[in-house]
Amino acid sequence: MDVEIYREKVIKFVDSVIRPNLATWEESGSYPLELHALAAKENILSLGQNPEDEFHDDLACRKVLIEELSRSGSQAMVMALASHFVSLNAFKTTLPQTYTRLCKQVFSGKKTLVLALTEPQAGSDLKSIQCEASLEGEGEYLLSGEKTFICNGGRADYMLTAARLDKKLTLFLVKADKNSITSSEIPCLGWQGLPIASIKFNRVKATRVGEPGQAGRLLQQILLQERLNLAVMANTSAMVTFEAALEYSKKRKVQGSPLFEQQIIRHRLADMHGKIELCRAYINQYIAAVTVSGPDAKAIAIAKNQAVEILEEVAAKSVQIHGASGCISGSQAERIYRDARLLGLGGGSTEVMNEMISRLL
Ligand SMILES: Cc1cc2nc3c(=O)[nH]c(=O)nc-3n(C[C@H](O)[C@H](O)[C@H](O)COP(=O)(O)OP(=O)(O)OC[C@H]3O[C@@H](n4cnc5c(N)ncnc54)[C@H](O)[C@@H]3O)c2cc1C
């Protein structure tokens, strides 16, 4: 689909369905799962493609989806409606038939798929994963263990997860099953409206994804996509809160003239703008080159870390420029400020990204 036509579709969806309901969803702690079906009606979850057709990942459209969902002002909406591509990617070469079936189910909004890796003792250090898998029948495995901080974890239909199979770290697909999965919600600083949960697997049925011991290699591939998505999300969130601060500074009067007339405020805005633009140019340059030269782990790690650092700085300065009105719960400046803190942890923390960059220097 034409990228700009797709952008218009997503903008319309955000304006008519998401924006008017964000505050209510944040207050209640969860957005309704019907949102997936509503988005699917417009082919938003499948990047404008017919869910029944063979899916072609389209980086330009994926970027548009993340940008426009971020423009809603809530990163929770990006995690809700644009994070499925990362998990789907793990099935493409390992289980092609499952990939086709899951694409149809997820793109039509009938099912949800999430990534469930983190355990209480294993976050950055995925080698510490303890969840155990055992072979039960032909191609059927049983998983036991605990996962934590899982977006939509308590209500997802499918989870892509990792467990030890004969001590080897291996990926598995788990289907939700009330008899062998229990969950409890974790209240969180940001991404409100997106329920985050701890999950216990008690001999839940699972399908192996890839060969035993291949989890590390597969995760390296799919997490590159996740990090690029998060870089786009961070950069767009920074742009949104910067624009709000700029607009506010032109309306708000101090000592009889707009705040923007104060040189210190103008210069602060100029500095914020410059950092956002530089980072955006870096991300765009990377995306333009990636189709030719393939993924570049160092460039993605740089993009994620820089975008997140700039977002944290810009989000804090935006609240400062907004004064007390930037502290009102549910205001755009406040929401982006609290969401900003999460991005330095998820998808590979800042320290882990720096470790990766330094090893590739
Ligand atoms: C809102 C939210 C949603 C999430 N959603 C999901 C999800 O859907 N699925 C999922 O699987 N996980 C999810 N996570 C978990 C996330 O991936 C982890 O938080 C992340 O991997 C970091 O792990 P940790 O929190 O256990 O921190 P730890 O790994 O314990 O790290 C603690 C601190 O030490 C730093 N650190 C770690 N290693 C090093 C090192 N080698 N050198 C220097 N510093 C280091 C870290 O950067 C961090 O600052 C989510 C987390 C949050 C906050």
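How far does a polar side-chain atom of Thr118 lie from a nitrogen atom of the ligand? I looked this up in what is a predicted model, and I noted a separation of 2.7 Å between that nitrogen atom and the polar side-chain atom of Thr118.

I then turned to the oxygen atoms of the ligand, and found one at 2.6 Å from an N or O atom in the side chain of Ser124. For Glu351 I noted that an N or O atom of the side chain is 2.6 Å from an oxygen atom of the ligand. On its own the ligand has 970 Å² of accessible area, and I recorded that the protein covers 64% of this.

Next I asked which elements give two or more residues to the shell around the ligand. These are β1 (113-116) and β3 (140-151), and I wrote down β3 as the element that gives the most, with 3 residues.

For the shell as a whole I listed 16 residues that surround the ligand, and the closest of them are Thr118, Ser124, Phe149, Ser349 and Glu351. Sorted by class, the shell has 11 nonpolar, 4 polar and 1 charged residues. I also checked the domains, and saw that domain 2 (113-213) and domain 3 (217-359) each supply at least three residues to the shell.

I compared this with the record, where UniProt lists residues 115-204 as "domain: Acyl-CoA oxidase/dehydrogenase middle" in an unreviewed entry. In the model the span 115-204 is 0% helix and 56% strand, and its end C-alpha atoms lie 16 Å apart. For residues 219-359, UniProt gives the feature "domain: Acyl-CoA dehydrogenase/oxidase C-terminal", again with an unreviewed entry as the source. I noted 77% helix and 3% strand for residues 219-359, with 18 Å between the end C-alpha atoms.

Last, I looked for aromatic pairs, of which the structure holds 4. One of them is formed by Phe55 and Phe107 and is tilted, with 4.6 Å centre to centre and 50° between the planes.

Definitions and conventions
Residues numbered from 1 in each chain as written. Predicted model: local features only at pLDDT ≥ 70, side-chain atom pairs only at ≥ 80, totals over all residues. Heavy atoms only, no water. Near = heavy atom within 4 Å. Polar contact = N/O pair within 3.5 Å; in protein donor to acceptor, adjacent residues only side chain to side chain. Areas by Shrake-Rupley, 256 points an atom, 1.4 Å probe, with all protein chains shown as cover. Helix = DSSP H or I, 4+ residues; strand = E, 2+ residues; numbered from the N terminus. Nonpolar A, V, L, I, M, F, W, Y, C, P; charged D, E, K, R; others polar. Domains from an automatic or database assignment. UniProt positions renumbered as here; feature names shortened; annotations may be inferred. Phe/Tyr/Trp six-rings, centres within 6.5 Å; stacked < 30°, edge-to-face > 60°.
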